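These are my notebook entries on what I looked up in this structure. I began with the overall fold and then turned to a few single residues.

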Amino acid sequence: MPLTNDSKVVGDEYDIIIVGGGSSGCVLAGRLSEAARQEGRCLSILLIESGRNNYNDPNVIRPGRYWANLLDPNSGYFDSMKAKLDYCGGREIAVDVPKILGGGGSVNFMMYTRASASDYDDWKMEGWYAEDLVPILRELENYQVTRDTNPDHSVHGFSGPFAVSQGPDFREQRDPNASELYHAAQKLGYPIGADMQNLRNGFGFSEWPKWIDPITGHRQDPAHRYIHPNVSEHINNGLTVLCEHKVVRVIIKEGRAMGVEIAHTTGATRPTEFDLPSQSADSKAADINTPSHAAIDSTLQVIRARSMVVLTAGTVNTSQLLERSGIGSSQILRKANVDCLVDLPGVGENLQDHISSGSYFYRFDKDTLMNYNDYLRDDPVAILQADEDFKQGSKGPHSMNFTGGAGKIRPSEEELQDMGPAFRRLWNEYYLNAPDKPLFIICFAERPINDPLWTFLTPEYSYKLLLAYTLYPVSRGSIHITSSSINTLPEFRPQYLFDPRDMPPHVLAYKQQRELARRMPSFRGEVRELHPHFSEASAARCVEYPTPAQCAEMANSKVLYTEEDNKVIEEWVKANFFVVWHWLGTAAMRPREQGGVVDGNLNVYGVQGLKVADLSICPENVGANTYSTALLVGGKAAEIITRELRLKTPDN
């Protein structure tokens, strides 16, 4: 069956319509189609994605190109939103939402990071405890981490579609960046582990695995693992994929999801407003066969669903789609001029994310710790060499994610004393009895340094950065439609750092990463311009070009900070933190009376034949990059739906 961006070639009706071709949606569509094919059953599935096809896109399948995608505003891989944060000095922050088949799995950092077992247990939902989910995690992955010589078969899988490895370049030898980090971590007393992703370890460092195939060097995105193999012309399994189309709303009639209304998202010479017709329960419902906006734009059409509609459009878009369909807070829908069919105040609430306090740059000896800056700044000679390396053996920077090692951090008792009584109470309530929960993750990485304003980065050094991101912020935000139009930006209130208990972890993270950098053998100084601006009289001020004797002294002593220094760090964080796009929670899976939107079988409360199966269903945060959990949600949704359809789960 086809993968197309032409809605004229798709059918008028399918058994299942899946809205959103991101990580969860691709896994769900692929596993459902495989299950039906294995039993010889005809199951027609339509997967609709607003972004373009990613098939063999070199900027997707080559891991090293992710920085180019992230930093290019014209890449076409993202939609953008902005929010003003009054409590951060009125700072305006821009955030990007992936818009491409495969979703975040096509553009992310590829860090193999799993949630802690207690994260899933905290959801307190039958069928979603860690012991229920580990089998799905194992089915999804092909764990090929060579430095883990005794892998835990109870939590890892070895025959799934998603390869996990150190990448082709570091199968046999350790990444030099990881070696530097190991040395520093051990000097500070941190444990070094071969496997920090066993759902139990919440404290320690490792050479961080990657979602990269160790043979081909390809990114392990969900579309290439589950969609493209299933839409091959040699396979007839009922799966159709429609790209570059956005679902305007789910059509609900007499309490049941009957289909979707779609519009083309690219190629228009001007934006088109789609105002929704009345859907009130006591009004006459529009004919299911007639697009309500046909007079406005001829590309708009209705596609019916015989069995169900499943929303996998992601945390940002799923909640808006629910609201445009008449599902959400009656007050918010009234303001947006949308008739309320199901009053669910939890829709669009409970928005959670992870944020990093900043990218802190350091100088390193160029002879002992090489860099890839020429490649990362798209130097033509470096790119040609990378092309050749990739062709010859799937190696070189094209097959890297430039994150050699990372660690999970929990504070010591002494550090907790410095974090204040409010945070201490939070620690005792949430973290103390959950040793698998890290407070934050620190990564040793490399990124482009071609900002024309960074003239202070001179070529005689290697420049790398340490960045930390906190994992369980207390602050909760929201996102809601303000109009029935798909082209009107939503009211986006992320509330980053709104709760004062979210700041102490960022202050500690800055201090911890700085101590790590100073203990690395190749360390040659701090880049003052890209650190908090401490007073020249402060003992915490940056040391830009230390002598060998100073380096030795810095590697064996800790920086002392005053209360004034702590305030300088706080202000820096407010002005420089950035979002890491780990959104979840806006259609929470919890009881309806607790603000829930879906039940344990992912059914939207108050509507038959409508499910949600993406990160928006997570009621609480996970202490990890969210890609693993997004794949997991897709896999769990497939398990639920195959059971409801009386299919068997496909074998890997």
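Before anything else I wrote down how overall size is judged: the radius of gyration is taken over C-alpha atoms, and the globule rule is 2.2 Å times the number of residues to the power 0.38. What does the rule give for 652 residues, and what does the protein have? A compact globule would come out near 26 Å, and the protein has 25 Å, so the value agrees with the rule. I noted at once that the model is a predicted one, and I read every value below as computed from it.

**Entry 1, the whole protein.** I looked up the extent along the principal axes and found that the C-alpha atoms fill a box of roughly 80 × 55 × 50 Å. The secondary structure comprises 17 helices and 23 strands. For charge, I recorded 65 positive and 83 negative side chains, with the centres of the two sets lying 1 Å apart.

Is His245 buried or exposed? His245 has a relative accessibility of 2%, and since buried means under 20%, it counts as buried. Leaving aside residues up to four places away in sequence, I listed as its contacts Asn5, Ser7, Ile48, Glu49, Ser50, Ile262, Ala263, His264 and Thr265. A polar atom of the His245 side chain also lies 2.9 Å from the backbone oxygen of Cys243. I then checked the separation from Ala305, which is 60 residues away in sequence, and noted a C-alpha to C-alpha distance of 17 Å.

Leu497 has a positive phi of about 65 degrees, and its place is in the loop between strand S20 (491–493) and helix H14 (503–518). Its relative accessible area is 13%, so Leu497 is buried. Leu602 has a phi near 70 degrees, again a positive value in a residue other than glycine, and I found it in the loop between strand S22 (578–579) and strand S23 (610–612). Leu602 counts as buried because its relative accessibility is 1%.

Beyond residues up to four places away in sequence, Leu416 touches Pro411, Phe423, Arg424 and Trp427. How far apart are the C-alpha atoms of Leu416 and Pro505? I noted a separation of 9.7 Å for this pair, which is 89 residues apart along the chain.

Technical notes. Residues are numbered from 1 along each chain as its sequence is written. Side-chain values use heavy atoms; hydrogens and water are left out. Buried means under 20% relative accessible area, exposed over 50%, partly exposed in between (1.4 Å probe, protein chains only). Contact means heavy atoms within 4.5 Å. A polar contact is a pair of N or O atoms within 3.5 Å; within protein, one must be able to donate a hydrogen and the other to accept it, and residues adjacent in sequence count only if both atoms are side-chain atoms. Helices (H or I, at least four residues) and strands (E, at least two) are DSSP runs, numbered from the N terminus. Lys and Arg count as positive and Asp and Glu as negative; His and the chain ends are not counted. The place of a charge is taken as NZ of Lys, CZ of Arg, CG of Asp or CD of Glu.
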